[in-house]
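Hi everyone, thanks for coming. Please have a look at the sequence and the model on the screen, and then I'll walk you through them.

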Amino acid sequence: MKKIILLLTLALSAFLAQAQTGTTLKAGDAAPDFKLKNVDNKEVSFGTFKDAKGYIVVFTCNTCPYAVGYEQRIIDLDKKFKPQGYPVIAINPNDPEASTADTFAKMQDLAKEKKYPFPYLFDAGQKITDEYGAKRTPHIFIVSKTSKGNVVEYVGAIDNDPEGKNPQKIKYAEDVIASLKSGQKPAVTQTKEIGCTVKRKAKA
């Protein structure tokens, strides 16, 4: 019986891992639009930001230690770049049944407590998470608004300092936006995302 339980557990783990192996968008891909509920109960899409030149889409959550560690840096990105035309749009990719601290109500509590200056969106059914192929929290997608639509310019980590202790960190996100503002393509378009895996409920 123990052997059967072990085999079932391994099979379930493999299944859940497979569920998260969808293709992640890459630079040059079209960035899917969305219409998701914000913590203020209003729907937000790219079109909400009429004057934006692009967007900093961050898949993040309430619970992951990495997401918590990057929280202030995400706030700082929005404060610095929203006035320049690149607002942060945060999306929680976790299923609240699999991560009970990531319910919509608790998202609202956190956004209020931390005074988030950006939208914090609930991805019911993880549809947008899957369309982008977000794998971890945080996982960042920098998007530019072009004459041909919204295009992914960069995918990966915010910087190379998850512990927040390296003053010489490489600020990937900031470097990408600096390049875009100068009319150049970013030198780095992909890095390894650093964070916790997206939480999904077990399939029945």
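First, some ground rules. This is a predicted model, in which local features need pLDDT of at least 70 and side-chain atom pairs count only at pLDDT 80 or more, while totals for chains, interfaces and linings use all residues. Residues are numbered from 1 along each chain as its sequence is written, and side-chain values use heavy atoms, with hydrogens and water left out.

So, how many helices and strands does the protein have? There are 5 helices and 9 strands. Helices here are DSSP runs of H or I with at least four residues, strands are runs of E with at least two, and both are numbered from the N terminus. Read from that end, the order is α-β-β-β-α-β-α-β-α-β-β-β-α-β.

Of the 204 residues in the protein, 47% are buried. Buried means under 20% relative accessible area, exposed means over 50%, and partly exposed is in between, using a 1.4 Å probe and protein chains only. The accessible surface is about 10800 Å², and 55% of that belongs to carbon and sulfur atoms. Those areas come from the Shrake-Rupley method with a 1.4 Å probe, and for residues only the protein chains shown count as cover.

Now for contacts, meaning heavy atoms within 4.5 Å. Take the contacts between residues at least 6 apart in sequence: 77% of them join residues at least 24 apart. Here is a pair to find on the screen: Gln 72 and Tyr 116 are 44 residues apart in sequence, and their C-alpha atoms are 9.5 Å apart in space. Gln 72 lies in helix 2 and counts as partly exposed, at 44% relative accessibility.

Let's turn to helix 3, residues 104–114. Its buried residues are Phe 104, Met 107, Leu 110 and Ala 111. They cover an arc of only 120° around the axis, which puts them on the same side of helix 3. That arc is taken from the directions from the helix axis to the C-beta atoms. On the other side, Asp 109, Lys 112 and Glu 113 are exposed. The buried residues of helix 3 pack against strand 1 (36–38), helix 2, strand 4 (88–92) and strand 5 (120–122). After helix 3 comes Lys 115, with a positive phi near 55°.

Next is helix 5. Which of its residues are buried? They are Tyr 172, Ala 173, Val 176, Ile 177, Ser 179 and Leu 180. Looking down the axis of helix 5, these buried residues fall within an arc of 155°, so they line one face of the helix. Their cover includes strand 3 (54–59), helix 2, strand 7 (139–146) and strand 8 (149–156). Ser 179 has a relative accessible area of 18%. Leaving out residues up to four places away in sequence, Ser 179 touches Gln 184, Lys 185 and Pro 186.

On to the spaces in the model. On a 1 Å grid over the protein atoms alone, a cavity is a set of points where a 1.4 Å probe fits but cannot get out; a pocket is an open set with protein on both sides within 12 Å along at least five of seven lines; lining residues have an atom within 4 Å of a point. Grid points are joined across faces, edges and corners, and a volume is the space filled by probe spheres set on the points.

The largest pocket has a volume of about 160 Å³. Helix 2 gives the most to its lining, with 4 residues. By class, that lining has 3 nonpolar, no polar and 7 charged residues. For these classes, Ala, Val, Leu, Ile, Met, Phe, Trp, Tyr, Cys and Pro count as nonpolar, Asp, Glu, Lys and Arg as charged, and the others, Gly among them, as polar.

The largest cavity has a volume of about 40 Å³, and its lining has 6 nonpolar, 2 polar and no charged residues. Pro 138 is one of the lining residues.

Pro 138 is joined to Thr 137 by a cis peptide bond, with omega about 0°. Finally, Gln 126 is not a glycine, yet has a positive phi of about 60°. Gln 126 counts as buried, at 6% relative accessibility.
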